[in-house]
Amino acid sequence: MSLPRIITVPKQWGLSTLTRIRHWWQRLAPHRQDRLAVLAPLVAVLLFFAAIIAALGYLRLEEMDREQQAVQRDVEYTQQRLRMRLLERQEQLARIGREISNHELDTEDFRARARSMLNQNPALQGLAWVDERKRVRTALGTAVLVSGQLNPSSNESQNNDTLAGFVASRDFQQPVYVQPLGSASDAPKLQMLLPLSDRGRFAGVLLAEYSVDGLYRYGVPTEVTSRYAISLHDAKGGLLAGVALPNKKGVKTLLPWARPANEYAMPVSPVGDGLVVRGQAYRASLGVIGSGLFWLVAALSLMTAWMLIANWRHTRRRLQAQQALMSETTFRRAMENSMLTGMRALDLQGRITYVNVAFCRMTGWTESDLVGRTAPFPYWPENDRDQLNAYLNEELAGNSTPGGIQVRVKRRDNSLFDARLYVSPLIDAVGKQTGWMGSMTDITEPNRIRDQLSASHERFTTVLEALDASISVAPLGSDELLFANKLYRQWFGTQTQGHLQLIAEAGVPASPTSDESTDSVDSFAGLSTAALPDTETESAEIFIPELNKWLEVRSRYLSWVDGRLAQMVIATDITTRRIAEEQAANQTERAQSASQLITMGEMASSVAHELNQPLTAINNYCNGMVSRIKAQQINEGELLVALEKTAKQAQRAGQIIQRIRSFVKRSEPNRTLSEVGAMVTESVELAEIELRRFNVRLNHYVAARLPSLMVDPILIEQVLINLLRNAAESIDMALRQTSQRIVELRVVPKTLDDKPVIEFSVQDTGKGLSPEVLSRLYEAFYTTKADGMGIGLSLCRSIVESHLGRMSAENLYNGDEVSGCRFSFWIPLTEVSAGLTQHPRKSN
């Protein structure tokens, strides 16, 4: 029973307190009520702002401390990222330096390694190999200018930091980082000089040149730059890269949130004080307000609002009339002065009673010149006065056009412009018509744009009509034809059957449906049709029997001018091109067969020699057995051994003939999953006949567990045999010694442009290819052989490209001397081949 008493007693006290305050307020004099009504909101507002300032100051101080810690942590993280990037490049250069010191790298190998590092590291702009005499052995990228930096001219006045770094690296035998001093327009750079040692003796340096801007872009994490202004500075504080916020010095204020932004700087190791990373906070926010401060601010805000409302109710009766009048007058004046449409009012007799500022600005006449005037008005052109007077009479009679009328208006300077005039009755406050209100809009520019659009549409239509491709547009789900050019009408008429036939024959979907084809919801629901024209165009090649033509059909979806989703189909006649492609394919097939026959014709003598060996062995075995049988000097076991050897030699001769027959046999290209090892074995067995004729030794290497290729094995064998024969002939023409007459065949897997491929390479030790031969290497009927036809390499490249591969050739160098040539081609792996790699088949 005590609980109700505890709750009801405070209510009674609250009611009695409010009653006493109300009675006290009513007993006050009016002037004291006015004074309190003004002072009370002022006090409440002051308390409110004091509480706000105190709360924000406290929160800001706390947040600034957290921001300073966050800036320091992120700058340290950025410094570690830059340090690791520099150390990684330093370690890579150290490995190259050790290989140079061990004489494992020459200048060409160094350039290859350097080119690879430059491609893989965008921040690295140049590499140079400098010997102990400051001579540049070789250089790539921006480091090619290091010769002038290490050997400056006598009249050069500026300090040479690169030369000083070279001396320091030589004296201390340690990597040295320097910042070369350049012109004001040069981008800041950072150079690292790594000493080289040859058996304890200083042998020069490796110079790597970094772009400070590249270090910033690729070394500073994006999540850090999105929160802070990260910048790189030199030892003197100069800005090298990044964004630095200006420091507002000399501004003193008592407000804690007006302090400058938090920042933190530290040197980048291993560069040292020469490269400093600095981070500055962009802005500072107050964060989330605590519940206590929130309710304090809310209570003060409510008290202020209540005081202001009370004060407004107290003074409302005195200022109501004045405020209403001022509001109405201000609104009307602002409306008149801000309107772009000219307003003109006429009384029932046709006299001008009002014009606004916009009307005067359009015509050039002032309000005093127009108010009170009757027709003809000053802004009427002399040639149009009869027509405008007729319009005015219709207007005064109440026969105004709802859509307005287009008229010409004369300015005060006698220039003319087009305008559209709308007229409506002018009704006063009591509902009585007192005249006519007209609104005038300048439509000169819209008329000009409309005329230009009409002319542009006519030109566009003329171009489409003259195209040699059929173009048609039809909405989805409708038989309406929205557009068809002249060629479409000649082929299919004016109906949509041709449009739909092209779509059906090309296999293009009539609508871009999603995978959930059974879903009854519209597949375009929630998608903006404005984005549909950005989709990729689908194309296909089809044959139309009615036209006896091959057509290339392209289709895409677009949003029509009325907002409907439509499909555009472009059909181009490619009959001539298809015929040419078929003829080219036939010519290529015949050239392949001819090349096979030519190859075997050139190898005829070697093949005859190869067949002569097993045939001679068979003859010797037979003669020996006949002699020993006549002399009765052979038993059954020895006779059986001799017959087995004879059969083996006969089988060997048959295999040689079978391989040659399958190679020269004319057949259609037959792409099957072929084993790489089998193709290489067949090619080597055929090519070794020719290689032995030239006294050339063949070394071949085939990587293990290679996947099968979807190729025509006979064509690939033809390419390999041609390359091996060319390599042997090149070595024979170079007159190499027996120890140097070597051809190397390698078959290895590689990855090019993120695609797995199988690379075949044939390397010889001949004299290489001259620049003229390299430029015309694959040109048909071009040859350097006295008895050659010039179709071998051209046909080889055509075969490789028909298998979606590429062929290349390059000279091999030993110093500045050409030591040989390497031909290589690669065949991409298909999805079937990739699947066989993951799940290899067991061969019988």
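Which residues form a nonpolar patch on the surface? In this predicted model, where local features need pLDDT of at least 70, side-chain atom pairs count only at pLDDT 80 or more and totals for chains, interfaces and linings use all residues, the patch is formed by Leu18, Ile21, Trp24, Trp25 and Leu36, with about 460 Å² of accessible area together. Residues are numbered from 1 along each chain as its sequence is written, and side-chain values use heavy atoms, with hydrogens and water left out.

Helix α1 (residues 2-27) supplies the largest share of the patch, four residues. Trp25 is found in helix α1 and, at 31% relative accessibility, counts as partly exposed, a class lying between buried (under 20%) and exposed (over 50%).

Strand β1 (residues 124-130), by contrast, is mostly covered, with six of its seven residues buried. Helices (H or I, at least four residues) and strands (E, at least two) are DSSP runs numbered from the N terminus, and two strands pair if DSSP finds at least two bridges between them. β1 runs antiparallel to strand β5 (residues 201-211), to which six bridges join it, and Gly126 stands opposite Glu209 in β5. With strand β2 (residues 136-141), β1 pairs in the antiparallel sense over five bridges, Trp129 standing opposite Thr138 in β2. The hairpin of β1 and β2 has five residues between the strands, and Lys134 there takes a positive phi near 65°.

Terms used:
Patches are made of residues with over 30% relative accessible area and no salt bridge: like charges are joined within 9 Å, nonpolar side chains (Val, Leu, Ile, Met, Phe, Trp, Tyr) within 5 Å. Accessible areas come from the Shrake-Rupley method with a 1.4 Å probe; for residues, only the protein chains shown count as cover. A salt bridge is a side-chain nitrogen of Lys or Arg within 4 Å of a carboxyl oxygen of Asp or Glu. Buried means under 20% relative accessible area, exposed over 50%, partly exposed in between (1.4 Å probe, protein chains only).
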